[in-house]
Every structure is written in structure tokens, then in C-alpha cells.
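The exercises below go through one structure, part by part. Try each task before reading its solution.

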Amino acid sequence: MPDIRGYKIATLGSHTALQILKGAKDEGFSTICVCEKNNSRPYESYGVADQIIKIDSFKNYFDIEQELIDQNAIIIPHGSFVAYIGAKKVMDIKAMHYGTKGILEWESDRKMERKWLIDAGVRCPKIFNNPDEIDRPVIVKFHGARGGKGYFLANSPQEFYQRYNEYDGGEGKSFVIQEYIVGVPIYSHYFYSRLTGELEVMGFDKRYESNADSIGRVAAKDQVDVGIRTTYTITGNVPIVLRESLLPGIFNLGEKVVESSKNLVDKGLFGPFCLEGVIDPDLHYYVFEISARIVAGTNPYIHGSPYTWLRYDEPMSTGRRIARDIKMAIEQNKLEKVLG
Ligand code: AMP
Ligand code: AMP
């Protein structure tokens with residue numbers, strides 16, 4: 001039987017690297033963490049990396065890629081890959097790469113992402129192409145607005161123009177006007193294996209965003225008087241357990257997204273992914289984003305989530321589930337099935 005000792009698991013030291021590397025070690029792999037030289041401390045302290053390769057900046061990833069190739073390393077992509085290397089450049093990765101690279105382009109472009117979700121039959125917030133048609137609360141998202149800093153809400157065309165003119169959007173002020181869904185944010189974590197052909201629901205989270213998640217601590221009058229503007233800078237994640245009767249719908253949504261991804265890229269979407277949206281009081285789940293790779297919302301579950309505990313009688317993080325998929329693939333001589 002082919003042996004996993006001929007391979008290593010590697011990733012960039014940020015985002016979900018701790019659980020990816022810990023999960024890989026739990027499955028018996030040797031691990032490599034590529035760190036920015038001033039940020040290696042956690043990866044040393046938690047002992048998840050057998051080897052640390054230091055670089056000045058993640059942007060310089062390609063300078064050390066040959067070292068990974070020489071060691072037969074399999075790269076696990078996460079949020080920092082697209083954020084620092086870029087979806088287009090990710091396509092140039094020559095080292096073995098877990099998951100379909102092409103799908104990362106679909107998730108990182110708002111128009112392509114929406115087309116995918118709509119084609120899959122997923123309920124998405126309405127988009128207003130013309131501000132004059134605004135007839136309900138909307139969220140205006142400027143492209144490239146990191147951490148949702150430039151977003152604003154409006155309720156009518158007049159309010160839109162007033163806020164738009166006040167706002168220095170930069171980047172040519174290109175934006176999208178999305179229906180604002182009043183409800184609770186729910187981020188659903190999935191795993192789809194091409195080896196077992198099965199979709200698993202791994203868990204749920206909501207984000208902990210600054211300052212959106214603390215504005216409720218200030219009286220509405222003070223918010224207006226002091227001129228507080230809402231921002232959505234991600235700082236952490238909060239675990240969630242979903243009302244059980246919503247689960248059948250969650251499975252169904254994930255299956256539709258996987259199925260329709262097969263029309264987008266060769267091999268389609270597989271491995272971990274996440275649907276990000278809001279559930280309204282009528283229990284409609286509006287999805288406004290998909291992440292086609294591991295999300296940081298799985299980080300609270302390094303020891304497994306309530307859902308993975310039901311299925312696996314051992315701690316099963318999403319990071320470990322990835323390593324198990326790779327291990328199965330190697331042992332069954334089907335590695336090419338999980339690389340892309
Ligand atoms: P970082 O390496 O922390 O700069 O993160 C890379 C990308 O992943 C950024 O675009 C972040 O917005 C996103 N990200 C990082 N951490 C989290 C988190 N805990 N939850 C959701 N998104 C995150
Ligand atoms: P995003 O940059 O798209 O991840 O959104 C930043 C924040 O705005 C997240 O906390 C979302 O929950 C919230 N958000 C984004 N789009 C909508 C929407 N259409 N309705 C309600 N909340 C939204």
C-alpha cells in the first residue's frame with residue numbers, strides 16, 4: 001500500500017494554519033509551516049510544525065516554492081492565500097495543491113460568485129443595479145473595502161445619494177447595492193469528499209466584528225450624536241449550534257452548490273467550503289457569500305464540533321478532515337482525485 005510518509009502537508013502561517021497542521025500531524029503527516037519572519041511564534045509555541053520556512057512576506061511565496069516541491073509537500077490553501085497571493089497568482093502554484101484552484105477565482109469575484117449561487121438555486125439578497133430603485137433597506141458594499149470599512153446602509157434613493165456623496169470610496173467608487181437582510185448571521189461549514197462522494201456538515205459560526213458587534217452597547221442617540229459609523233473588521237468567531245429542524249435545508253443547500261460547481265470547473269468544488277448568510281425571522285436563509293476553501297470560522301472546533309462528534313468518535317476538525325481525505329487518497333492510489 002502506498003505510504004503517507006512520502007508526503008508532507010504545508011500551509012502559510014496564518015488564518016487556519018494551526019488546525020490544518022495539527023490535523024495533519026494527528027493523521028500521521030510531517031508538516032511544514034511557511035511563516036512571515038516576524039509572525040512565526042504561534043507555530044513554534046504550539047508545536048504544530050515539524051519545519052518552519054521563514055519569508056519576508058507571503059507575497060514572496062514563489063521564492064521558496066521549489067523547497068516545498070523538493071519535499072513532496074501538499075499545499076492546503078486558506079483565506080490568506082487569496083488575500084496575499086491573489087486568486088490569479090494562486091493558479092501559478094506548481095506544488096501539489098489540495099482542492100480545485102480554479103474554483104478560488106469563482107469565489108473571489110462577486111459577480112461570478114453570485115452567478116454560481118443563483119444557478120445552484122440558492123436564495124441570495126436582491127441586487128439593485130440602479131440606486132433609484134431602492135425600496136427597502138440596502139447595504140452598499142464598495143469593492144476593495146477591506147473589513148467592510150466603507151459599507152453603508154440606506155433606505156431610499158435620497159438616503160443613498162446623500163451617503164454616497166459623503167463617502168470617499170476610493171477605487172473609482174465601484175460598489176454593489178444589496179438588499180439588507182435583517183436576521184441573524186449564520187456561516188455554515190461543509191466538507192465534500194470526492195473519494196466518498198458524501199457531503200458532511202462540519203459546524204456553524206458567526207463572526208465577531210469590530211465595531212458592528214459592539215454598537216448595540218451604545219444608545220442610538222449617542223451613536224448619532226458622536227457620528228459612529230459601522231465597520232465589519234473581523235476579529236474572531238463565535239461557535240453556533242443551529243435549530244435542528246433547519247439542518248435538512250442546510251444539507252440540501254450544500255448539495256446544490258457542489259452539484260452546480262461541476263459546471264464551472266473541472267472536478268468541481270470539493271474539500272471544505274462555507275456558505276455565509278443571514279437567516280430571517282421567516283427562517284429563509286439568504287446567502288451573500290461562498291468560500292470555496294477552509295474558513296476561519298472552523299477554528300473554534302480544533303477538537304471537533306458538536307456535529308463532527310456525532311459522526312466521528314474522535315476529535316475531527318476541518319483541518320484534520322482534509323488530512324484524512326489526503327491520506328485516504330494516497331492509500332487508495334487516487335491522489336490526483338484530491339489535487340487541482
Ligand atoms: P489574515 O491572514 O488574518 O490577514 O486573513 C486572511 C483573510 O482571511 C482576510 O481576508 C481576513 O478577512 C480573512 N479572515 C481571517 N481571519 C478570519 C476569521 N477569524 N473569520 C473570518 N475571516 C477571517
Ligand atoms: P461581507 O464583507 O460581505 O462579509 O459583509 C460584512 C458584514 O456585513 C457581515 O457581518 C455580514 O453579516 C454583513 N452583511 C453583508 N451583506 C449583508 C446583507 N445583504 N444583509 C445583512 N447583512 C449583511
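**Exercise 1.** Which helix gives the largest share of the lining of the second largest pocket?

*Solution.* The model is predicted: local features need pLDDT of at least 70, side-chain atom pairs count only at pLDDT 80 or more, and totals for chains, interfaces and linings use all residues. Residues are numbered from 1 along each chain as its sequence is written, chains are lettered from A and ligands numbered from 1 in the order in which they are written, and side-chain values use heavy atoms, with hydrogens and water left out.

Step 1. A pocket, on a 1 Å grid over the protein atoms alone, is an open set of points with protein on both sides within 12 Å along at least five of seven lines; lining residues have an atom within 4 Å of a point.
Step 2. Helix H10 (residues 247–261) supplies five residues, the largest share of this lining. Helices (H or I, at least four residues) and strands (E, at least two) are DSSP runs, numbered from the N terminus.
Step 3. The lining has 14 residues, and Gly249, Ile250, Leu253, Leu283 and Tyr285 lie nearest the centre of the pocket.
Step 4. The second largest pocket holds about 220 Å³ of space. A volume is the space filled by probe spheres set on the grid points, which are joined across faces, edges and corners.
Step 5. By class, its lining has eight nonpolar, four polar and two charged residues. Here Ala, Val, Leu, Ile, Met, Phe, Trp, Tyr, Cys and Pro count as nonpolar, Asp, Glu, Lys and Arg as charged, and the others, Gly among them, as polar.

**Exercise 2.** From which domains does the shell around ligand 2 draw at least three residues each?

*Solution.* Step 1. The protein chain divides into domain 1 (4–121 + 183–209 + 236–338) and domain 2 (127–179), with bounds from an automatic or database domain assignment. Their C-alpha centres are 31 Å apart.
Step 1. Domain 1 and domain 2 each give at least three residues to the shell.
Step 2. Ligand 2 has 14 residues around it, and the nearest are Lys141, Tyr151, Glu179, Ile181 and Glu209.
Step 3. An oxygen atom of ligand 2 lies 2.7 Å from a polar side-chain atom of Tyr151, and an oxygen atom lies 2.5 Å from a side-chain N or O atom of Glu209. A backbone N or O atom of Glu179 is 2.9 Å from a nitrogen atom of the ligand.
Step 4. Of the 480 Å² of accessible area that ligand 2 has on its own, the protein covers 91%.
Step 5. The shell contains eight nonpolar, one polar and five charged residues.

**Exercise 3.** How many cavities of 30 Å³ or more does the structure hold?

*Solution.* Step 1. There are two. A cavity is a set of grid points where a 1.4 Å probe fits but cannot get out.
Step 1. The largest cavity has a volume of about 90 Å³. Its lining has 14 residues, with Pro77, Tyr98, Gly99, Ala292 and Arg293 closest to the centre.
Step 2. The second largest cavity holds about 40 Å³ of space. Its lining has three nonpolar, six polar and no charged residues, including His189, Met202 and Thr298.

**Exercise 4.** Which residues does a cis peptide bond join?

*Solution.* The bond lies between Ser210 and Asn211, with omega about 5 degrees. Asn211 is part of strand S11.

Notes
Near = heavy atom within 4 Å. Polar contact = N/O pair within 3.5 Å; in protein donor to acceptor, adjacent residues only side chain to side chain. Areas by Shrake-Rupley, 256 points an atom, 1.4 Å probe, with all protein chains shown as cover.
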